[in-house]
Amino acid sequence: MATDTSRFGTQANVFESDLAGITVRGKAHSLSAWFVVALRLMMGYAFLHSGWTKITAAEPFSAAGYLTNVTAASPLSGLFHWMGATPWFVEFVNLAVPWGEFLIGLGLLVGALTRLAAFFGAFMMLLFYFGNWEVAHGVVNGDLAYMMVFLAVAAFGAGRLLGLDAIVEKYDTGGEWLVEKYPKLRYLLG
């Protein structure tokens, strides 16, 4: 068991969480950090590429067809059909999806605002999960798996591993690190 502690008061490679009276504690292998970085970079590249191809496509991106053709079996089919039939919302989605994917990907690739990027990546994947609803083979599909990858990237503070968040968090604000002076930034960085 590691005994060294960081300025955040956690032990190296030790994970612990309490939820509903149940404590889960474990020690990660030292190679785990490389896998967390790999997940961050993989999802970053996938989203950056997806967003960039939509932004630079010869034909402008349109989500209207996707939104209006969500299967009726989806628990959110009514919401998706409303979104697809509401012109101002379609215009918003047409802008939000490509630029959202691009910015999420960029944030993950450079490790900046990683938790914020991962949160919005997970949110997008949740919407895709309900939009692509198909439970013939069970409720677990690629969209749900990608959502969990985004949540893992956020939970493990992947931006602190070879990312700009490690530099931003330790920015000296007159004797204190930035995240010590503004602790709520931990929800966005890391």
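This is a short walk through the structure in your viewer, one selection at a time. Keep in mind that you are looking at a predicted model.

**The whole chain**

Start with everything shown as a cartoon. The protein chain has 8 helices and 2 strands. Follow the chain from the N terminus and the elements come in the order β-β-α-α-α-α-α-α-α-α. The C-alpha trace spans about 55 × 40 × 25 Å along its principal axes. Of the 190 residues in the protein chain, 35% are buried.

**Strand S1**

Now select residues 14-19, which are strand S1, and pick out Phe 15 within that strand. Is Phe 15 buried, partly exposed or exposed? Phe 15 has 39% relative accessibility, so it counts as partly exposed.

Next, show the side chains of Glu 16 and Arg 25. They meet in a salt bridge, with 2.4 Å from N to O. Glu 16 counts as partly exposed because its relative accessibility is 48%. Arg 25 has a relative accessible area of 43%, so Arg 25 is partly exposed too.

**Two further salt bridges**

How many salt bridges does the structure hold? There are 3, and the Glu 16 and Arg 25 pair is one of them. As background, side chains of opposite charge can pair when their charged atoms come close.

For another, select Glu 101 and Lys 54, whose side chains meet in a salt bridge at 2.9 Å, N to O. This pair links distant parts of the chain: Glu 101 sits in helix H4 and Lys 54 in helix H1 (residues 32-55), 47 residues apart. Glu 101 has 4% relative accessibility, so it counts as buried. Lys 54 is partly exposed, because its relative accessible area is 22%.

Then move to Glu 169 and Arg 160, where a salt bridge joins the side chains at 2.7 Å, N to O. Glu 169 counts as buried because its relative accessibility is 2%, whereas Arg 160, at 30%, counts as partly exposed.

**Helices H4 and H5**

Go back to the cartoon and colour H4 (87-110) and H5 (residues 114-131). Two packed helices are described by the angle between their axes and the distance between the axes. Here the axes come within 9 Å and cross at roughly 140°. That angle makes H4 oblique to H5, because only angles over 145 degrees count as roughly antiparallel. H4 passes H5 in a left-handed crossing.

**The nonpolar patch**

Which helices each supply at least two residues of the patch? They are H4 and helix H7 (164-169). The largest share, 5 residues, comes from H4.

Finish by zooming in on Leu 164, which has its place in helix H7. Leu 164 counts as partly exposed because its relative accessibility is 40%.

Key: Residues numbered from 1 in each chain as written. Predicted model: local features only at pLDDT ≥ 70, side-chain atom pairs only at ≥ 80, totals over all residues. Heavy atoms only, no water. Helix = DSSP H or I, 4+ residues; strand = E, 2+ residues; numbered from the N terminus. Buried < 20%, exposed > 50% of the residue type's maximum accessible area, 1.4 Å probe, protein only. Axes fitted to C-alpha atoms, helices over the stretch in contact; angles between N-to-C directions. Parallel < 35°, antiparallel > 145°, perpendicular 65-115°, else oblique. Left-handed = near helix turned anticlockwise from the far one by under 90°. Salt bridge = Lys/Arg side-chain N within 4 Å of Asp/Glu carboxyl O.
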